[in-house]
Amino acid sequence: MNVRLYVWQRLTAAIMVPMIMVHLAVIFYASRHGLTAADILSRTRGSAAWALFYGTFVLAASSHASIGIRSILTEWSLLEDRAAGVSAIGFGLLLGALGLGAVAAVVWP
Amino acid sequence: MSSTGSELTVSLWRGRERGRYETYKVPMRENQTVLDVVSWVQRNLDPTLSYRFACRVGMCGSCAMTVNGGPRWTCRTIVSKVAKGGRLEIGPLENLPVIKDLAADMRVFFEKWQQAKGVFAPSRTRHDAIERVKSQSDARIAADLAIECINCGICYAACDSVRWNPGYLGPAQLNRAWTLVNDVRDGKNPERLQAVAAKGGCHSCHSLHSCQEYCPMSLNPTAAIAGLKRRTMRAFIKGEIKA
């Protein structure tokens, strides 16, 4: 890892920490109030705020995980640096695509 | 030293990268050090045994070996504190090539020392006035906490980040760089920060603290490396160094 990747990993972690708190609070709220899937979708569909919140979370999480996976691959696998970097970027893109797809499914009007 | 009448069973690594442990019986004595044991074998049982020592008083850092699974300075390690059931297993330091028997090849250790810019670069000449260093300044206090390194290589041998990533500079090297980053007399800190921020530099440390756990001088290289991480991150954001 070099200083650029380090800064990005710390930055994305700093973004995610408060978002995880909000996410947990949302889960507690939804379960304590007995919200059904239809109740939740009625709140999230067409909501720019939830789209922005979970969209940002997905981008931060996929970048953060991708940098971590790169370190694991370079240290613990037989992959060369370049192959490890390409694999980690591929993993990050996959994670981002799956996450954004999931966000779209709940916020698309 | 007086003999206690019993014997130690001592296994010593013999060979190079490929070799085997050979077992010797050594008289047990009071206050015996691990280095005493190795010397006894070399002088009484096998003069071809190779190992390294110089000062015998914990200053030179040349006698470090792997003792019962952990790296230790053998001249200051009392046998009774590390022997398990009267048994000792002694090998060369890990994470370094083996020259022969118990002597590890320290060249890569000192090459990385150079890569981390561990050499003091004076910012003044002999014609200038001597620069005054404030002993209570934050920078000097940080340097003092890390300055007593004796280059024994124990932290390097204990470090899992070195084991997993042979390109990683290592704890002693980065600890040394941190002392110089905090030396107001040094004139090469931009180059030094650049060197320790590159691939294999301070950001490759996983903060596992084995260096602190085993350092015979009770230093904390992990804390020094954390300081370098903060300092290089600041320099990178300001555009003073590149990734």
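Predicted model: local features only at pLDDT ≥ 70, side-chain atom pairs only at ≥ 80, totals over all residues.

Me: What about C149(B)? How exposed is that one?
Reply: C149(B) counts as partly exposed, at 27% relative accessibility. The closest cysteine sulfur to the one in C149(B) belongs to C155(B), 6.2 Å away, again too far for a bond.

Me: How many disulfides are there over all chains?
Reply: Zero, from a search of the whole structure. The cut-off for a disulfide is two cysteine sulfur atoms within 2.5 Å.

Me: OK, switching to helices. How do α7(B) and α8(B) pack?
Reply: Helix α7, residues 171–181 of chain B, packs on helix α8, residues 189–197 of chain B, at about 155°, and the axes are 10 Å apart. Angles over 145 degrees count as roughly antiparallel, so that is what α7(B) and α8(B) are to each other. Their crossing is left-handed.

Me: Which residues meet there?
Reply: From α7(B) you have L174(B), A177(B), L180(B) and V181(B), and they meet N189(B), R192(B), L193(B) and V196(B) of α8(B). By type, the contact has six nonpolar residues, one polar and one charged.

Me: Nice. How much of α7(B) is buried?
Reply: Ten of its eleven residues, so α7(B) is mostly covered. Among the buried ones are P171(B), Q173(B), N175(B) and W178(B).

Methods
Residues numbered from 1 in each chain as written. Chains lettered and ligands numbered in written order. Heavy atoms only, no water. Axes fitted to C-alpha atoms, helices over the stretch in contact; angles between N-to-C directions. Helix = DSSP H or I, 4+ residues; strand = E, 2+ residues; numbered from the N terminus. Parallel < 35°, antiparallel > 145°, perpendicular 65-115°, else oblique. Left-handed = near helix turned anticlockwise from the far one by under 90°. Contact = heavy atoms within 4.5 Å. Nonpolar A, V, L, I, M, F, W, Y, C, P; charged D, E, K, R; others polar. Buried < 20%, exposed > 50% of the residue type's maximum accessible area, 1.4 Å probe, protein only.
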